[in-house]
Amino acid sequence: MSSYSLGELARALGGEVAGNPETRVARVATLENAGPDAIAFYAQARFVRDLRQTRAGAVILGTANRDATALPRIICSNPHAYFARACALLHPAHRAVSGVDPLATIHPSATLGKAVSVGPYAVIGSGVRVGEGAVIGAHCYLGNDTDVGAETVLWPGVVVYHACRIGMRCIVHAGVVIGADGFGNAWEQDDRGGHWVKVPQLGRVLVGDDAEIGANTTIDRGAIDDTIIGDGVRLDNLIMIAHNVHIGAHTAIAACSGIAGSTRIGRRCRIGGAVGIAGHLTIADDVEIGGKTLITKSIAVPGAYSGGYPFEESRRWRRNAVQIRHLDDLAKQVKQLETRLALLERKDQ
Amino acid sequence: MSSYSLGELARALGGEVAGNPETRVARVATLENAGPDAIAFYAQARFVRDLRQTRAGAVILGTANRDATALPRIICSNPHAYFARACALLHPAHRAVSGVDPLATIHPSATLGKAVSVGPYAVIGSGVRVGEGAVIGAHCYLGNDTDVGAETVLWPGVVVYHACRIGMRCIVHAGVVIGADGFGNAWEQDDRGGHWVKVPQLGRVLVGDDAEIGANTTIDRGAIDDTIIGDGVRLDNLIMIAHNVHIGAHTAIAACSGIAGSTRIGRRCRIGGAVGIAGHLTIADDVEIGGKTLITKSIAVPGAYSGGYPFEESRRWRRNAVQIRHLDDLAKQVKQLETRLALLERKDQ
Amino acid sequence: MSSYSLGELARALGGEVAGNPETRVARVATLENAGPDAIAFYAQARFVRDLRQTRAGAVILGTANRDATALPRIICSNPHAYFARACALLHPAHRAVSGVDPLATIHPSATLGKAVSVGPYAVIGSGVRVGEGAVIGAHCYLGNDTDVGAETVLWPGVVVYHACRIGMRCIVHAGVVIGADGFGNAWEQDDRGGHWVKVPQLGRVLVGDDAEIGANTTIDRGAIDDTIIGDGVRLDNLIMIAHNVHIGAHTAIAACSGIAGSTRIGRRCRIGGAVGIAGHLTIADDVEIGGKTLITKSIAVPGAYSGGYPFEESRRWRRNAVQIRHLDDLAKQVKQLETRLALLERKDQ
């Protein structure tokens, strides 16, 4: 088990040490649960009580809070990001696989870079290229002619359909499906009322570098052109990205959201959980969208948008919700009252 | 690489050629990105600019738009469906597997039709029947006594629990789970406040012919009777179909939707993304439901239904949403104003 | 095939027999579809017509309905739970696997209890402990140092990341992912506008005893501390449980719901489908939440809460929804009308 002194941490990661730089920490923890061998971080005022009561050996905090505790501490501009890096130093990443398992099925025409790991029962198709140091987990499936960049990690059971590309240093969690057919169907009448004709999906999915994709998320291949996930994008679990969507670099989307076909989302957007974005829209850079919002129009101006329905006790909700169905009538009624009242007021003068 | 002249396309797929029938196309493309070797299609007025600027070698359009371009073209009644078929001609479907992989586990009592393909590490249980020409992808699991129809394709990692049936010419995408237990639980009080008793799920899932099921969608087995997916149904990704649901033929449901137990949906419905339909309802044929709508009552009349909350800037949303909690009061207040004003008006006469 | 007389059922499961105790039943069925060899149950008044018309050989009903039918019957306090147990007696559970398949990959340091079954192509990592009688389905992945309790059943394709624990007698359906990284990201400015720094996720997932987890549901590991699923919890399909969430014992959550990070949900809650609960909230015991509700604040008082938007014909929905964007203005306008009207009324006196 590795331990670091505050001085050593600061040499590796920057920041200023206050208090004894020889203070050693062996692990990270929350303020609430930390013991004397742990370092915690403080970034939000709502945790100030935890800060006062913490038994942590050391704390990471921002320059504005440099004196918020008397504990040995590291002062830096971004305590959350600093903490993330301290985690990585103190707790080296778990490696699920090491080496190429003899029970993997690798097509002879596939190219594996140096130090690639492949788990048992993984299937790597013809013409696949896997970059140096990548990890292909157990039960993964890389369709023909797929491309996985260097240092990318696929956790077990990831399916990548043929011809898709994943960049370097990505993390793809278990159960993710990349490159399944988009939902392309043409309606055709017939004498029994009609049926769907499948529109073959010929595009690919291209994922940039440094992206992370959460468990059981699905990203469909483009219909003709490609579906594109930018560099550094963060997709949480159980998200649906439909065909031909573009997601700009460093955008983050929380779980259970769905983006419909051909929509383009800008860079650095922050999209809450269970958000739905309709198809063929354009969302500007730096847009924030609140949880469970339905976006039905393009958004051209950066800013925060929301549309969740407020919850309340079911009894009251029933009474209020029923009025929504009369809201247009209510608005008209108020307008009429306004006119009638103005008439009376004029007479009264 | 195959290429077709417009004349050859029309002989294979119908339609009328305008311009040079010897014009050859080798691929399909969007109007926007097509080159001279590609054929594109035009069906919606919003793409008229793309039509004017396209560099496509040929265009497919409807009879109403026969002169909308001077390019070599095919005129037909349904350009979208025509395009779908042209795609299939010009771009033969990708085959993930060919032949029965020696690393599959196939129970000796299973019956495989002619020309069935089975990928590596697939598991095919006892009593399973797989029809002629079907493709069972890598890592698929067919539980005992399941039935997969001729020409059906299961992409990698599909799980079909015991005794379920999938019809002919279906496409089932990666990560789909068919036949898991429905959410059947009986509440039982006890001296510690109560607990759930599992209700065994004894029904099956029956999927008709020509259906397509999107990645990571789940269809639960019936509690006692069966869950039924009709012919030609289209289910997008990450959809939940609960136990005992019936979905009528040629209905399409977009991603992230959930249908609760025992609900019956008619034929040819079009259900948007992230729609929720409560349990034990009946939805008529030919119903359209807008994205993110919650359906809490049966729908007997074909037509379009919606219920998404409108989004706006978060600042304004906060102000408006808070008023929803007072909407019933507001409606009462308006009614009282109405009464009081009418009284004043009468006096005033 | 096993059959039971009503007398035998009552000896095994309790309850009082009315009518001939020698009546034999071989299967369970719904009232609607039962034949004379089947036993059905009646618990809700809306099925009274089915009760009158049923061809069932016997019926299970509550004490209040003891004379609601003249058929041979079992009278008990909780017909639904009784029926669940009768199902289990008459229809023994399907076993997907029996014995340890030679095609599984089991690390030599793993410990398997007596009578454990492991399906083909399962991967069991180093230091894993699997309790007596547990069933690990085909294609399952148990990361290093995971712990699966006695009699627990993992259906095919379940992924459990390293160091997570699942209790005894649990059922985990196909495609479930337990222990993937939580959505932990720290934003860091840079000269190109900023990027995310991954926050390593060091906690575990701990699932209690007697829990059931539906197909393709994902439960993320804790960031530092653990994500905790209590005893007897019921999670339906396609649910997202984010890092550090705690779910109290015997709580049930319906499909497509998402619980954001660090939220604590009490015991015996009943949460509908497609519900979203924001992060860092506390939900009391015995709370019910209606389908598609967005919960944005903690709930301290047990009771029923809802927040779904009412659906209507799209044409009317459009008119009403647009007024929501003016609701705050409307409320102000009504207030002003009130003031002006009161003034006129005072003058009029």
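Mentor: Before anything else, a term we shall need: two residues are in contact if their C-beta atoms, placed from the backbone, lie within 7 Å. Please also keep in mind that this is a predicted model.

Trainee: With that in hand, which residues is Val116(C) in contact with, leaving aside its neighbours within four places in sequence?
Mentor: Val116(C) is found in the loop between strand 9 (111-112) and strand 10 (117-118) of chain C. With neighbours within four places in sequence set aside, the contacts of Val116(C) are Val100(C), Val130(C), Gly133(C) and Ala134(C).

Trainee: Is Val116(C) buried or exposed?
Mentor: A residue is buried if 20 or more other C-beta atoms lie within 10 Å of its own. Val116(C) has 21 other C-beta atoms within 10 Å, and therefore it is buried.

Trainee: Which residues have the most contacts inside the largest nonpolar core?
Mentor: In soluble globular proteins, nonpolar side chains tend to be buried together. Here the largest nonpolar core has 243 residues. In chain C, Ile136(C) touches, among residues beyond four places in sequence, Ser117(C), Val118(C), Gly119(C), Ala122(C), Ile124(C), Val130(C), Leu142(C) and Leu154(C). The residues with the most contacts inside the core are Ile136(A), Ile136(B) and Ile136(C).

Trainee: What kind of axis relates chain B and chain C?
Mentor: Two copies of a chain are related by a rotation about an axis and a shift along it. Chain B is superposed on chain C by a rotation of 120° with 0.0 Å of shift along the axis, and the RMSD is 0.0 Å. The two copies are thus related as by a three-fold rotation axis.

Trainee: Which element of chain B gives the most to the side of chain B that touches chain C?
Mentor: The contact brings together 65 residues of chain B and 68 residues of chain C. Several elements of chain B each supply at least two residues of that side, including strand 20 (177-180), strand 38 (303-306), helix 4 (314-324) and helix 5 (327-348). By class, the side of chain B that touches chain C has 31 nonpolar, 25 polar and nine charged residues. With eight residues, the element that gives the most is helix 5 of chain B.

Trainee: In strand 39 of chain C, which residue is the bridge partner of Ser306(B)?
Mentor: Strand 38 of chain B and strand 39 (residues 312-313) of chain C run antiparallel and are joined by two bridges. In strand 39 of chain C, the bridge partner of Ser306(B) is Glu312(C).

Trainee: Within what arc do the buried residues of helix 4 of chain B fall?
Mentor: The buried residues of this helix are Trp317(B), Asn320(B), Ala321(B), Gln323(B) and Ile324(B). What covers them includes strand 38 and helix 4 of chain A, strand 39 and helix 5 of chain B, and helix 4 (314-324) and helix 5 (327-348) of chain C. Seen down the axis of helix 4 of chain B, its buried residues line one face of the helix, because they fall within an arc of 150°.

Trainee: Which strands stand at the edges of the open sheet of five strands in chain B?
Mentor: The sheet has the order 2-7-6-5-4, and its pairing is mixed. Each edge strand has a single partner strand, so one side of each is left without a neighbour in the sheet, and these strands are strand 2 (16-18) and strand 4 (27-28) of chain B.

Trainee: What is the phi of His139(B)?
Mentor: His139(B) lies in the loop between strand 13 (135-136) and strand 14 (141-142) of chain B. This residue is buried, with 32 other C-beta atoms within 10 Å. Although His139(B) is not a glycine, its phi is positive, at about 60°.

Definitions and conventions:
Residues are numbered from 1 along each chain as its sequence is written. Chains are lettered from A and ligands numbered from 1 in the order in which they are written. This is a predicted model: local features need pLDDT of at least 70, side-chain atom pairs count only at pLDDT 80 or more; totals for chains, interfaces and linings use all residues. Copies are superposed by least squares on the C-alpha atoms of residues with pLDDT of at least 70 in both. Helices (H or I, at least four residues) and strands (E, at least two) are DSSP runs, numbered from the N terminus. Ala, Val, Leu, Ile, Met, Phe, Trp, Tyr, Cys and Pro count as nonpolar, Asp, Glu, Lys and Arg as charged, and the others, Gly among them, as polar. Two strands pair if DSSP finds at least two bridges between them. A nonpolar core is a set of buried Ala, Val, Leu, Ile, Met, Phe, Trp, Tyr and Cys residues joined through C-beta atoms within 7 Å. A residue is buried if 20 or more other C-beta atoms lie within 10 Å of its own, exposed if 12 or fewer, and partly exposed in between; C-beta atoms are placed from the backbone. The arc is that of the directions from the helix axis to the C-beta atoms.
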